[in-house]
Amino acid sequence: MDLDIDAESAAFRDEARDWLAEHVPRSPLPSMDTAEGFARHREWEAQLAEARWSVVSWPREYHGRACTPLQWLLFEEEYYAAGAPGRVGQNGIFMLAPTLFAHGTPEQRDRILPSMATGAQVWAQAWSEPEAGSDIAALRSSAVRTDGGWLLSGQKTWSSRAAFADRAFGLFRTDPDAGRHRGLTYFMLDLRAEGVTVRPIPQLDGEPGFAEIFLDKVFVPDDDVLGEPGQGWRVAMTTANNERGLSLRSPGRFVAAAGRLAELWREQGRPASVADRVADAWIGARAYQLYTFGTASRLAEGAELGPESSVNKLFWSQVDVALHETALDLLGPAGETDESWVDGYLFSLAGPIYGGTDQIQRNTIAERLLGLPREARR
Amino acid sequence: MKFTISPEQRQFAGSVQDLLSGADPAGAARAWARGRSGPGRKLLRGLADLGVPALLVDERHGGLGGDPVDLVVAFEVIGYHAVPGPVVESAAVAPVALTGGAARRWLPAVAAGESFATVLAGPEVPLALDADVADFVLDLRAGTVGEVRIAHRVRSIDPARRLFRLAPGESSPVDEGGRAFETGALAVCAQLLGAGQWLLDTAVGYAKQRSQYGRLIGEYQAIKHLLADVATQLELARPLVHGAAVAAAGGDPLLPREVSAAKVFAGQAAYLAARTALQVHGAIGYTEEHDLGLRLTKVRALLGAWGSASFHRARVRRAVAGAA
């Protein structure tokens, strides 16, 4: 057992660090949930892609560097330590792309991945519906057969990035007579197609980070079905594990934030009142970092992510909230005005909800990891 | 980087597991608490036959020349089974603390499981565990090794932890540069992790067979969510303990930070496991007859031993913010 960084990975990390030091914008970009900020973040994606930093874990033929899970973790550490902009392309890159690699056709990969990697096309997720939140399989949006494709109708909501994104992915019911988890199909659709109405929803911070999507007989060609019709649930589960698991929330984000919190505590004269919480925030981030190193090592040995991705998600979502609460408490009256910590705090509050609430994660851990009996469900 | 247990370490843990699960460690712990050390000594001899106290002992003193990762692998199993006796002091601390003539004198017998150490380490370890069975005492704050002279016994919340106030005795200096304390605290972290895992496994097992209101209690989310939180905390504690062991193995100057992070977090996780296991069991877990109490009281005792959470949080802050 070791925590050594091999020479190749160290060189990769140093190259990333040098590039980021030179290229990360000196002042933060405007929020990606504004029209101007979205455009600026899209430009940043293009800049990353040009230097092959946008999708480092992807194969080389798709703008990637085919890097190992460990190298991906190192890249993310550097990325967050450098204070680089949030990833506007993240829904596509970390949720759709792994599903395309697992279930997509070569034609789909060749057509979709390059523009995703450069930010030329930004993807929104379209999972939730008004009556299908935690219980995604209760979704009602439907797709019916037509010449050469499908007509999609219904309503999606809480769709991250949909206010300004180009395309979206989600599940639609294609066989109303099949069981809840059967008869679902995974579609990729154009948000500018005829019949699509996007209504932005302002979030806690006032910016439209998510949106409602109304669909009225929106045509989607057969080429944009991901996996087999009727297999949507199974196909989507790949994506779910990626969002909860290693990909979406890299430890670098929390390690960097815990370091900034320790620095803030020092600057504020090391108040005793929050001293233990400052230590706990750092310890939690370190635990998560080491846990992901273990996961990366197991992935390198050929293991796959299973229900432990729920452990991962439950833990980081709580670490993130506690860390930011500590910062605001530490700031006292400035806790309502410090823009950077306030933004981080508001963002952290979404963590225990999206990608499966903490309560759903606990059910998964209890039933699939601990083997406790499933509760009666309709 | 390969941050996983090796197949050899997994196999080693399996051997310790096989030995202990067939040897009634709970019975040995209860006897030990009443001052009957026979069954406990038999367990400790079994561990010595597998090489546990020899792990960190140098080969020229009859040891195996293993590393702290091997040690935490063994101590997680030892904690799982609540093995009584001065195992941390003998298997983790003495091999690191003793050098030169003292090492030649004591370590071959320690490695063979024939001699036992007890330890004092300033305010963090003020009382000597199992001094009545120990052959020598290490005072890590004073930097000495010497004869054991018992002043009187002090009762612990964990009856199987027999604590003693010592009187001054003859001693000679040892020079270990602080590593012995870190290794002792590290072994305690692994014990806490193992105890926590037993508490979780046992509570999960109970929730799968106990019915109320016509349903297995493990079907209720009130129970499920408690146990899921314990599983999550333990899963995240383990890499901290392993990370600290890797730091100890590599002579990392950040060792105190890593050990302290592990002690705070593994302690919290094990304590959550203890409280949750008791709650899931209800009254049956509150009986002397049930093995749950052996871990609950040991976990509570180990939270304060080898540095409290406050002590270790302060060390983390010193490392990451330059002051406690």
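The C-alpha centres of domain 1 of chain B and domain 2 of chain B are 21 Å apart. The model is predicted. In the domain assignment of chain B, domain 1 spans 7–173 and domain 2 spans 178–323.

The contact between these domains draws 29 residues from domain 1 of chain B and 33 residues from domain 2 of chain B. On the side of domain 1 of chain B that touches domain 2 of chain B, two or more residues each come from α2 (25–33), α4 (68–80) and α5 (87–97) of chain B. Of these, α4(B) gives the most, with 10 residues.

Chain B also touches chain A. That contact takes 39 residues from chain B and 38 residues from chain A. On the chain B side, the elements giving two or more residues are α7 (179–207), α8 (221–249), α9 (255–281) and α11 (309–321) of chain B. The largest share of this side, 16 residues, belongs to α8(B).

The table sets out the residue classes of the two sides.

| Side | Nonpolar | Polar | Charged |
|---|---|---|---|
| Domain 1 of chain B, touching domain 2 of chain B | 22 nonpolar residues | two polar residues | five charged residues |
| Chain B, touching chain A | 22 nonpolar residues | nine polar residues | eight charged residues |

On the side of domain 1 of chain B that touches domain 2 of chain B, then, 22 residues are nonpolar, with two polar and five charged. The side of chain B that touches chain A has 22 nonpolar residues, together with nine polar and eight charged ones.

Conventions. Residues are numbered from 1 along each chain as its sequence is written. Chains are lettered from A and ligands numbered from 1 in the order in which they are written. This is a predicted model: local features need pLDDT of at least 70, side-chain atom pairs count only at pLDDT 80 or more; totals for chains, interfaces and linings use all residues. Domain bounds come from an automatic or database domain assignment. Two residues are in contact if their C-beta atoms, placed from the backbone, lie within 7 Å. Helices (H or I, at least four residues) and strands (E, at least two) are DSSP runs, numbered from the N terminus. Ala, Val, Leu, Ile, Met, Phe, Trp, Tyr, Cys and Pro count as nonpolar, Asp, Glu, Lys and Arg as charged, and the others, Gly among them, as polar.
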